Amino acid sequence: MLSNPGITFRLGELRCPPQASFMIVLISGTNRPDSNTRRITGEIAAQYQALHVPHRILDLTELPLEVFAPASYAEKPASFQPFSDAILAAAGLHVVTPEYNGGLPGVLKYFIDLLKFPESFERRPVAFTGLAAGMWGALRPVEQLQAIFGYRNAHLYPERVFLPGIGSALGEDGHLKDAELIARLHKQAAGFTAFVETLKGVSLRA
Ligand SMILES: Cc1cc2nc3c(=O)[nH]c(=O)nc-3n(C[C@H](O)[C@H](O)[C@H](O)COP(=O)(O)O)c2cc1C
């Protein structure tokens, strides 16, 4: 077992860290400004922090506009490289998705489509958390993502978390009100950490 050097990283930091392969990368799966998805991604990041697991957030609101030019399929803009590198360096990916029109947001699929094939997801551990205004808590987009990541030979962590009625689940301070939901996110983060450690043969925890 290799050990974690104990380096921590600021959330949202896009520089490539020296021991990136010991890190969980959280993907905040929409570019809608002031999204609840970004709030929940922050809640999950706090759980990894509590577990002393190095992590960082890739926030799709930070995608540079030039990435959306049609020419980006053939030639990625240099500004996309930090996003691509972060995925390639991740020990595990934790995808946080809202439900938009019964599915995953178009921007999240577009982001996936721009990443390097096949190495971005091949044998990479991935976990999923969904949130929605409605009662199904983003079950549909999470299952769509499982199909996509399964197609790409990722290792799917089976314990998913669904957060329904997200508008009333978050308090005015932007944090989850229900201790039981927070406990569910903690359990998922802890379980996914162990899953990644087992698959990769490393210790993530400082
Ligand atoms: C374009 C769009 C489509 C949406 N479609 C659905 C939907 O199909 N089902 C649902 O429960 N909520 C739907 N919602 C509401 C979101 O679940 C809600 O905004 C929630 O806060 C998560 O999205 P957010 O991260 O953008 O805030 C939709 C929201 C947007 C912006």
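Where is Asn 153 found? Keep that one in mind for a moment, everyone, and hello. The structure above is a predicted model, and I'd like to walk you through it.

Back to my opening question. Asn 153 sits in the loop between helix H4, residues 139-151, and strand E5, residues 155-156. Its phi is near 65°, which is a positive value in a residue other than glycine. Is Asn 153 buried or exposed? Asn 153 counts as exposed because it has 11 C-beta neighbours inside 10 Å, and the cut-off for exposed is 12 or fewer.

You'll find His 52 in the loop between H1 and strand E2, which covers 55-59. His 52 has 13 other C-beta atoms within 10 Å, so it is partly exposed.

While we're in the loops, look at Pro 118. Pro 118 has its place in the loop between helix H3, at 106-114, and E4. The peptide bond leading from Phe 117 to Pro 118 is cis, with omega near 0°.

Now let's step back to the whole chain. How many helices and strands does the protein have? Its secondary structure comes to six helices and six strands. Reading along the sequence, you get the pattern β-α-β-α-β-α-β-α-β-β-α-α. The protein has 206 residues, and 37% of them count as buried. Here's a number about how the chain folds back on itself: take contacts between residues at least 6 apart in sequence, and 78% of them join residues at least 24 apart.

Thr 41 is in helix H1. Why is Thr 41 called buried? Because 25 other C-beta atoms lie within 10 Å of its own, and 20 or more is enough to count. Setting aside residues up to four places away in sequence, Thr 41 touches Leu 26, Ser 28, Ile 57 and Val 96. Take Ile 57 from that list: Thr 41 and Ile 57 are 16 residues apart in sequence, yet their C-alpha atoms are 7.7 Å apart in space.

Apart from neighbours within four places in sequence, its contacts are Val 95, Thr 97, Val 142, Leu 145, Gln 146 and Arg 160. Phe 128 and Val 96 are 32 residues apart in sequence, while C-alpha to C-alpha they are 5.9 Å apart.

Next, a pair of helices. The axes of H1, residues 36-50, and H6, residues 179-200, come within 9 Å and cross at roughly 55°. That angle makes H1 oblique to H6. The crossing of H1 past H6 is right-handed. Which residues make the contact? From H1 they are Glu 43, Ile 44, Gln 47 and Tyr 48, and from H6 they are Leu 185, His 186 and Ala 189. Sorted by class, this contact has four nonpolar, two polar and one charged residues.

Last stop, the ligand. There are 15 residues around it, and the ones that come nearest are Ser 35, Thr 37, Pro 98, Ala 132 and Gly 134. The shell around the ligand divides into six nonpolar, seven polar and two charged residues.

Methods: Residues are numbered from 1 along each chain as its sequence is written. This is a predicted model: local features need pLDDT of at least 70, side-chain atom pairs count only at pLDDT 80 or more; totals for chains, interfaces and linings use all residues. A residue is near a molecule or strand if its C-beta atom, placed from the backbone, lies within 6 Å of it. Ala, Val, Leu, Ile, Met, Phe, Trp, Tyr, Cys and Pro count as nonpolar, Asp, Glu, Lys and Arg as charged, and the others, Gly among them, as polar. Axes are lines fitted to C-alpha atoms, for helices over the stretch in contact, and angles run from 0 to 180 degrees between N-to-C directions. Helices (H or I, at least four residues) and strands (E, at least two) are DSSP runs, numbered from the N terminus. Angles under 35 degrees count as roughly parallel, over 145 as roughly antiparallel, 65 to 115 as roughly perpendicular and the rest as oblique. A crossing is left-handed if the near helix is turned anticlockwise from the far one by less than a right angle, and right-handed if clockwise. Two residues are in contact if their C-beta atoms, placed from the backbone, lie within 7 Å.
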